[in-house]
Amino acid sequence: MTDDRIRKFRKMLAEAPNYEVWKAAALELDFLEGNAEWKEEFASDLYHYELIYDRLSNLRQYRQQNDFERLKRALREGLHHDLGNMGNPGLYTRSRVGTKHLIEEYIVQVCEGLDFLCDRPVPGFPVADKLQFFRDTLNSYGRPALLLSGGATLGVFHFGVIKALWEKGLLPQVVAGSSTGAIIAGLLGVHTDAEVPEMLVPENHNLKAWKWRGLLSAMRGDGLMDQEQLKSCLRDNIGELTFEEAFLRTGRSINVSVSPVQAHQKARLLCGYTSPYLLVWSAVLASAAVPGIFPPVTLMKKDIHGHSLPYMPRLKFVDGSVVSDLPIERLMHLYDVNYTIASQTNPHVVPFLPAGGRDQKLSLARLPWHLVKAEFQFHGQGLFDYLRKRVRPEMLRQLSGQAYTIMAQRYSGDVTIAPPSYRFRDFRRMLANPEPEYVREMILAGERATWPKISMIRSHARISKTLERCVRRLKSQQKRASGELRLVSNADSGAS
């Protein structure tokens, strides 16, 4: 009977239309498979449970006693990402929903303590000091980033990942993309959180990105596809915002990877820090310019009067995934990113990820395959590194360079979300305009791939998200107080 129930709930899990149904089935399976008791036990050699318990007890005590000073000090000096190894992937593979209750209770207590300090009047702790406190704590603790890979039309899977994270309040403020991932990062980055549901409706977008030009066009260097068609699609969907304007509108930081065409240039990460006046659609167009399919792109910016003009007209850029599909190190430097959520849809990468993109332990049965893969990657990198430095003609040297960078890249994040597999019809649609029904199908696939990772993402990201929200609330409060002060000052001036 138990086996029948397990099969029933596994089927529900695989076919769940939304997170609520998936979670209900997952909780039943956790109970039937004996994982509910495991979550209630504090002790485990997978994390420092004594440290977490002591921190939880102290935070709870300070709040109950309204001891603002000790609570403030405990949060400022004691908040460290992955404290006591509580983000260990092994803590999130035993059960389908949640992990040790001690970890969950600690995270809840930290977030409630932060909200308590943020929203309560605290003697000797004015708004300006509070804002500095929360900014410093956020910089020290770090924040998550969402990385969206290339993959042509298969990349609409990213919409499902975005939807699942948004619904649970876990969608990062920092989002990066290359190629198709750049298109979706650009689209997300010009929509506020409140507009995300509208953004996820396929009928609300121009889906006509592809238009075939033919082999003769490709041989002339103009690409197999019509770039003007893609440009029109991007401008319809993203608009005419610069990176700076998009951030001011949404509070989200868009980051787009592009690769150089010319020698003596390096790959770039275009964003509000590095190129604030660049038009987002222009950066996305360059990142999507797959060599052979689209020609290289001259980037466009806004001048001081808001007019469009070329940015560094001597330089052209192409597909960002060739050199930097997931620009993790650059994001760490720019935004204090401490945790990366990668949505990976590249067809040359997905088959080599662990099943379903899960970060699983290496099994003895798969050891020979992993050894072969590691050897192939090591020797392949060495060969292409040699060829890119010494071979002639130039075309072969460039191809060797691209092959080297493809093999040398990291294609996964701290959490990697990917389709379980691709079907033949998916490959047929890679360079075709998607119908709304196909987009909805891929959104659901993205959601289903994300739901099993929600517990681990929440453990890593929830404290950062709480800190970000506190900073936003305090900035608003400070702005309101400043406005009220100006009104009082003007009234006093008028009276005199």
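Is N85 buried, partly exposed or exposed? I looked it up, and N85 counts as partly exposed at 36% relative accessibility. I use buried for under 20% relative accessible area, exposed for over 50% and partly exposed for in between, with a 1.4 Å probe and protein chains only.

**Ground rules**

I am working with a predicted model, where local features need pLDDT of at least 70, side-chain atom pairs count only at pLDDT 80 or more, and totals for chains, interfaces and linings use all residues. Residues are numbered from 1 along each chain as its sequence is written, and side-chain values use heavy atoms, with hydrogens and water left out.

**Backbone entries**

I stayed with N85 and checked its backbone. N85 is not a glycine, yet its phi is positive, at about 65°. I noted this because most residues other than glycine have a negative phi. N85 sits in the loop between α5 (68-78) and α6 (101-119). For helices I take DSSP runs of H or I with at least four residues, for strands runs of E with at least two, and both are numbered from the N terminus.

I then turned to M312. M312 also is no glycine and has a positive phi, about 50°. I found M312 in the loop between β6 (308-310) and β7 (317-319). M312 is partly exposed, with 36% relative accessibility.

**Ring entries**

Next I went through the aromatic rings. I describe a pair of rings by the distance of the centres and the angle of the planes. Rings of Phe, Tyr and Trp (its six-membered ring) pair if their centres lie within 6.5 Å; planes under 30 degrees apart are stacked, over 60 edge-to-face, and the rest tilted. I get eleven aromatic pairs by this rule. One of them joins F133 and F134, edge-to-face, with 5.2 Å centre to centre and 85° between the planes. F133 is buried at 9% relative accessible area. F134 is buried too, at 0%.

I also noted a cluster: ring pairs link Y19, W22 and W451.

Which residue lies over the face of F125? I found K72 there, 4.3 Å from the ring centre. My rule for a charge over a ring is NZ of Lys or CZ of Arg within 6 Å of the ring centre and within 35 degrees of the ring normal.

**Salt bridge entries**

Last, I checked charged side chains. Side chains of opposite charge can pair when their charged atoms come close. I count a salt bridge when a side-chain nitrogen of Lys or Arg is within 4 Å of a carboxyl oxygen of Asp or Glu. The count comes to 25 salt bridges.

I looked at R96 and E33, whose side chains meet at 2.7 Å, N to O. This pair links distant parts of the chain, 63 residues apart: R96 is in the loop between α5 and α6, and E33 in the loop between α2 (19-32) and α3 (35-40). R96 is partly exposed at 25% relative accessibility. E33 is partly exposed at 30%.

K231 and E228 form a salt bridge, with the closest N and O atoms 3.4 Å apart. They are three residues apart in helix α12 (residues 227-238), so about one helical turn separates them. K231 is partly exposed at 22%.

R235 bridges to E240 at 2.9 Å, N to O. R235 is partly exposed at 34%. E240 counts as partly exposed, at 34%.
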